Amino acid sequence: MTTNLKQLEASYTPLIGYAEAWELQKAYVKQIDKEERRETLLLLQHPPTYTVGSQRHPEHLLYSDEQLAEEGIQVFHIDRGGDITYHGPGQLVGYPLLYLDAAGLDLHGYLRQLEQIIIDWLAGYGIQGGRKPEYTGVWVGNAKLAAIGVKFNKCRTRRGFVTSHGFALNLKAGIGEEGFRGIVPCGIQEYDVTSFTDLTGIHLSVRQAAEELIPYFCRSFGFEAADLTNLFEHPTDADEQGGHKQ
């Protein structure tokens with residue numbers, strides 16, 4: 001049976017340095033622009049890292065150079081939108097590298113689509129995720145569970161854009177205190193950061209969350225169901241604890 005659905009290249013990496021992943025994104029964006037590579041979803045974890053987006057508020061980095069060294073946290077000034085955020089073990093990072101045709105392009109709609117994927121996934125666990133009109137990301141009550149910051153790379157060979165950067169979904173208990181305490185997350189002072197385990201008591205591995213999110217992503221963006229057979233080549237995550245739905 002023929003299908004009009006697109007094919008997605010998806011991968012999961014348990015741990016990859018930020019600089020390496022950033023260079024990988026840039027290389028893949030060029031290949032997708034030239035139609036030398038399928039649209040791609042990179043799912044991964046980073047070692048402790050702060051990334052500073054285009055808004056550039058240095059006062060939102062609270063740690064000194066000495067504290068950063070002591071905590072083993074690297075800082076990168078990058079080309080996505082938004083302010084400062086944290087990446088680290090126990091957080092699922094997703095970098096969708098997708099071609100968006102110039103015809104009918106809705107950049108804000110793309111951000112809402114990423115949010116909705118996570119909101120729909122949370123609903124499977126009985127969690128009511130939502131949005132705040134003044135901010136991007138996914139919220140549960142007044143706590144931020146997932147941050148979103150993207151870049152739209154203008155194509156050189158066709159009319160449209162290829163996306164890069166993406167979302168960061170907090171899974172591990174206590175990640176708000178562990179990684180976010182050295183910054184004002186996304187420049188937002190009045191609200192807290194939370195995690196999936198803090199909300200549910202379920203210890204879900206990053207790998208399992210990645211596997212569960214992929215079908216939601218494929219349905220949302222019109223891709224064929226991804227073949228997960230060889231996607232998870234690594235037998236365990238550093239944080240592999242198992243998990244289940246209540």
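How many of the 16 residues of α6 are buried? In this predicted model, twelve of them are buried, and the helix is thus described as mostly covered. The buried positions include Val 206, Arg 207, Gln 208, Ala 209 and Ala 210 towards one part of the list, and also Glu 212, Leu 213, Ile 214, Tyr 216, Phe 217, Cys 218 and Phe 221. The elements that cover these buried residues include the strands β1 (9-13), β2 (40-44), β6 (91-97) and β11 (160-170), together with the helix α3 (107-123).

The length of α6, which runs over residues 206-221, was compared with expectation: at 1.5 Å a residue its 16 residues should span 22 Å, and because the end C-alpha atoms are 22 Å apart, the two values agree. Just after α6, Gly 222 takes a positive phi of about 75°.

The largest nonpolar core holds 39 residues, of which Leu 92, Trp 121, Leu 169, Phe 196 and Phe 217 touch the most other members. At least two residues of this core are supplied by each of β2, α3, β9 (135-140), β10 (143-154), β11 and α6, and the largest share, nine residues, comes from α6. When neighbours within four places in sequence are left aside, Phe 217 is in contact with Leu 8, Leu 41, Pro 96, Leu 98, Leu 114, Ile 117 and Phe 223.

Terms used: Residues are numbered from 1 along each chain as its sequence is written. This is a predicted model: local features need pLDDT of at least 70, side-chain atom pairs count only at pLDDT 80 or more; totals for chains, interfaces and linings use all residues. Side-chain values use heavy atoms; hydrogens and water are left out. Helices (H or I, at least four residues) and strands (E, at least two) are DSSP runs, numbered from the N terminus. The expected span of a helix is 1.5 Å times one less than its number of residues. Buried means under 20% relative accessible area, exposed over 50%, partly exposed in between (1.4 Å probe, protein chains only). Contact means heavy atoms within 4.5 Å. A nonpolar core is a set of buried Ala, Val, Leu, Ile, Met, Phe, Trp, Tyr and Cys residues joined through side-chain atoms within 4.5 Å.
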